[in-house]
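Please look at the structure shown here, and then follow the questions and answers about the words used to describe it.

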Amino acid sequence: MTIHPVTILGEPVLHRRAVEVKEFDAALKELIADMFETMDAAHGVGLAAPQIGVGLRIFTYQLENDDGVPERGVLVNPSIIRGKISGANPDPDEESEGCLSVPGVDFPLKRAEWVRMRGFDGDGTPLDFEATGWFARCMQHEYDHLDGKLYVDRLNDRYARKARRVRKDRGWGVPGLSWMPGVDPDPFGH
C-alpha cells in the first residue's frame, strides 16, 4: 500500500467529471487499498480518487453512523438520490465542512439530511443503502468530487467570498499543488 499526495483546489482532475470504473481487478483493489492508506494518514473521513490524481468514480469513507451501514467502506461507480436541501442559511457551529483538497479551512454549508446511495464495493458486489445526518453529508461531499465539484463550489455568497479570499491568499487554483499526509504538517491539526 502507498500513501499518495492529496491534490489541492486547482488541480484539473478535481474539476472534471471522473470516469466509471470498467474492471473490478487487482489494480482496482490496489488503488482502493492506497486510498484507505492515504485517507487514514490524512485523518480524513472520506477520500475520492480524484483527490489523489486518479479520475475514476471511487471514494472511500470511515464514519460512524446510525444507518446500519459499516463505518468503513468504498463505493465504486456510485449514484445518489438526495433529499431536500433547506434554503436556510447554514449554521456555522453545526454545519461546517472541510476538505482534504482545501486543506486547513472549513466553511458552513447546507446539505440534504438524507441520501440513498447505490454502487458497488471493490469486488463488484452491489451496494444500496440510505444515509442520514453527518453520514449523508459525507456521502454527498465525496460524491461531488466524482462530478468535479468541491464543497466550496456550493457555498452561499457570504462564505463563497471568504473561500475565494483564502484561495487567493494561499495561492491555490493552479495545477501542481498537493500535500503529503504523514510528511507535511497536518493542515487540520490532528
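**Reading the terms**

Q: Why is Arg116 called partly exposed?
A: Arg116 has 26% relative accessibility, and since buried means under 20% relative accessible area, exposed over 50%, and partly exposed in between (1.4 Å probe, protein chains only), Arg116 counts as partly exposed. This is a predicted model, in which local features need pLDDT of at least 70 and side-chain atom pairs count only at pLDDT 80 or more, while totals for chains, interfaces and linings use all residues. Residues are numbered from 1 along each chain as its sequence is written, and side-chain values use heavy atoms, with hydrogens and water left out.

Q: What makes the meeting of Asp128 and Arg116 a salt bridge?
A: Their side chains meet at 2.8 Å, N to O, and a salt bridge is a side-chain nitrogen of Lys or Arg within 4 Å of a carboxyl oxygen of Asp or Glu, so the pair counts as one.

Q: Why is Thr60 called buried?
A: Thr60 has 0% relative accessibility, and therefore counts as buried. Thr60 is found in strand E3 (residues 58-62), where strands are DSSP runs of at least two residues (E) and helices of at least four (H or I), numbered from the N terminus.

Q: What makes Arg137 and Glu97 a salt bridge, and which parts does the pair tie together?
A: The N to O distance is 2.6 Å, which is within 4 Å. Arg137 lies in helix H2 (residues 133-146) and Glu97 in strand E5, so the pair ties together parts that are 40 residues apart in sequence. Arg137, at 6% relative accessibility, counts as buried, and Glu97 is buried with a relative accessible area of 4%.
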